[in-house]
Amino acid sequence: MKLGCRWPGPHSWEGSEVNAVFDNAYEAIIDGDSDARWAFGTGFEDPLSGVDTSLPAGVDGADLAAYCLMLGDDALIMSHRLQQWCTSLPELEEEVAVANIGLDLLGQARLLLSRSGAAQDGVGVRAGARRTDPDESGGTPDDDAGRPGREGATPAGQARGNGPGTRPHEDHYAYFRDEREFRNVRLVELENGDFAELIARLLVFSTWRLALLNRLTASGDPVLSAIAAKGVKEVTYHRDYAAQWTVRLGDGTDYSHQRMQAGLDAVWPYVGELFVAHAVEQRLSARDGTCVTPQAAAPKAGTTEAEERNHPDADGAGMDDPTAMSVDPSTVREEFDDVLAQVLKASTLQRPDVAALPGVGGRTGRDGVHTEAMGYLLAEMQSVARAHPDGVW
Amino acid sequence: MTTETDAATPDLEAHFQRTVDRDQRIEPRDWMPDGYRKTLIRQVAQHAHSEIIGMQPEANWITRAPSLRRKAILLAKVQDEAGHGLYLYSATETLGADRTDLTEKLIESRQKYSSIFNYPTLTFADVGVIGWLVDGAAICNQVPLCRSSYGPYARGMVRICKEESFHQRQGYELLMTMMQRGTEAQRRMVQDATERWWWPSLMMFGPPDTGDAASTSGHTQQSMAWKVKRHTNDELRQRFVDMTVPQADVLGVTLPDPELAWNSRRGHYDFGEIDWDEFKQVVSGGGPCNAERLAQRRRAHEDGAWVREAAAAHAAKHASHDHQPMDAS
């Protein structure tokens with residue numbers, strides 16, 4: 001299955017007298033275009049339209065839906081923080097690049113949230129059901145952590161279809177879930193710092209995400225596999241962009257070296273969380289589809305990175321098993337450490353030696369327990385959509 | 001290259017004007033009068049500045065866009081504008097200008113940008129109306145520039161106009177969606193935004209060609225002889241009005257001008273008098289957002305200074321590493 005850029009091609013523009021009044025030069029350029037260079041997802045179709053989203057045999061749809069939300073929320077919220085950089089970057093080339101990365105991640109989020117909705121629909125939700133009022137949406141992520149297959153277990157689970165007058169899955173998830181229902185890691189939601197902090201966060205995020213997506217191309221869910229294959233190409237560039245800037249800043253001036261180091265130090269407490277598997281990730285990545293012990297262990301307060309790397313889960317299931325739907329994130333730690341070591345060496349920077357930031361009662365972003373920054377982020381992102389809950393945009 | 005002596009200048013100038021008169025292109029290495037070069041640098045730099053400042057009012061709504069599809073469209077549009085700015089600054093560099101220097105001139109208010117961006121974007125409908133009216137006006141202004149006598153600018157404008165027309169269609173499509181499938185509150189938003197942006201959009205074509213408010217700079221006449229401007233301000237403004245009125249009807253919004261009426265004798269729409277005092281106030285820096293827009297551009301530039309210095313220092317280190325064997329001798 002291949003997902004690519006789609007633009008519906010030439011289409012008439014109602015009410016336009018443009019062609020009649022414009023110069024010949026204009027007529028030559030106004031004709032419809034099907035250029036693939038337009039940003040993915042700016043067309044008029046649903047992100048997954050035409051894609052067979054039926055569930056693979058034996059897969060727990062609620063788990064798959066929750067997992068896609070995790071990956072989708074990571075991309076959505078990271079994209080939001082990149083969007084906030086617009087018009088504030090040091091050079092125009094960076095304006096173009098950072099917007100591009102934000103667009104890629106937004107595109108990934110749209111596909112993943114749509115996949116989540118379709119997977120949820122596959123577990124007992126009436127097709128074409130009206131969208132649910134935000135107040136009626138399902139429980140928090142915690143509620144379903146140990147109870148696979150329960151209808152409505154994922155956030156907004158009872159939701160809604162895609163018929164006329166209904167809201168697309170992606171928008172329902174983005175705009176009408178509350179904070180506790182978002183499953184992104186805390187790293188992506190943090191308030192923006194300076195350019196060095198942006199680069200440090202992007203380096204960590206894209207290195208981690210690329211390792212995950214690479215393995216997910218072998219997911220037993222063909223839709224997720226196709227989304228991952230598209231994402232690999234994009235995130236490869238993101239990682240390269242971040243790595244190049246890390247080297248430039250680390251090995252630039254003394255001052256830039258200090259700031260780049262400070263940027264790394266600022267994001268590093270959130271690194272440990274990236275490699276702790278949530279129960280959903282463990283179940284979906286398990287060999288033979290059997291459950292491994294649900295152990296959503298959050299980094300413990302005071303443990304160091306080195307101690308975490310020795311966590312017994314570290315050699316958990318990868319994607320060797322064709323029935324595995326997800327990647328156990330603890331299995332990509334080694335790749336992450338290797339890549340970071342190379343980049344930091346070339347940058348003359350030190351790997352921060354700081355403890356992982358604890359969650360609350362062992363619960364972190366994947367469990368819907370976020371930082372204080374998250375509420376403000378959602379207030380901003382959701383404000384217009386929630387002010388016009390019946391609006392069509 | 002040919003030696004340019006004073007004695008040879010009349011021949012060169014005659015050759016230059018013949019090239020222009022035949023609608024052929026002037027290229028960077030061709031001889032050109034100093035005035036032509038300066039006029040073009042000013043024109044293209046102002047256009048580049050407008051693209052960059054123009055990112056701000058729209059970027060204001062990216063994080064709040066009420067659907068992910070609209071968010072992607074808006075983010076892509078703002079990114080396109082950064083791209084337009086980049087290649088317009090590159091076009092000025094073919095004329096001997098320097099991007100850093102032009103950026104300094106912008107943030108020190110020594111060069112202008114389109115005054116339209118000194119108005120605030122107050123609702124999400126503004127995003128659609130900017131696409132429809134502001135990009136529409138920009139297209140009217142810019143399409144003739146695809147035939148500018150200066151080659152690099154003309155070629156750059158072909159691509160820019162193509163993208164602008166795409167943005168305009170997207171803006172109009174947003175408004176159609178809000179008007180036809182949206183709520184009453186959304187329709188009010190569209191009408192309100194149309195009323196706020198209509199007159200400033202008409203001002204985008206600049207002062208009138210005749211009358212009390214006409215510009216006395218004399219730029220238009222010389223620029224038309226050099227074919228770096230192909231139509232007068234009033235011709236372009238009329239074209240925009242004629243194009244837009246039927247679109248407003250289809251959309252179902254009322255343009256805020258009681259004098260707007262079809263004139264069958266002229267074959268054009270008549271429209272009311274523009275508030276040229278407001279235009280002058282905004283152009284001279286006294287609009288609602290002039291200070292804010294420049295402050296944001298200045299802040300980004302100054303906050304980024306250490307990053308640019310680091311990149312230069314890193315590049316210099318590498319250049320010296322790469323050349324070490326030769327430098328060592």
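How many salt bridges did I find between chain B and chain A? I counted three between chain B and chain A, taking a salt bridge as a side-chain nitrogen of Lys or Arg within 4 Å of a carboxyl oxygen of Asp or Glu. I looked up B:R99, which forms a salt bridge with A:E93, with 2.6 Å between the closest N and O atoms.

Before going on I noted that this is a predicted model, in which local features need pLDDT of at least 70 and side-chain atom pairs count only at pLDDT 80 or more, while totals for chains, interfaces and linings use all residues. Residues are numbered from 1 along each chain as its sequence is written, chains are lettered from A in the order in which they are written, and side-chain values use heavy atoms, with hydrogens and water left out.

For the contact (heavy atoms within 4.5 Å) I listed 76 residues from chain B and 73 residues from chain A. The two chains bury about 6,400 Å² between them, 68% of it on carbon and sulfur atoms; this is the accessible area (1.4 Å probe) lost on being put together, summed over both. On the chain B side, B:L68, B:R169 and B:W306 lose the most area to chain A, together 13% of what that side buries.
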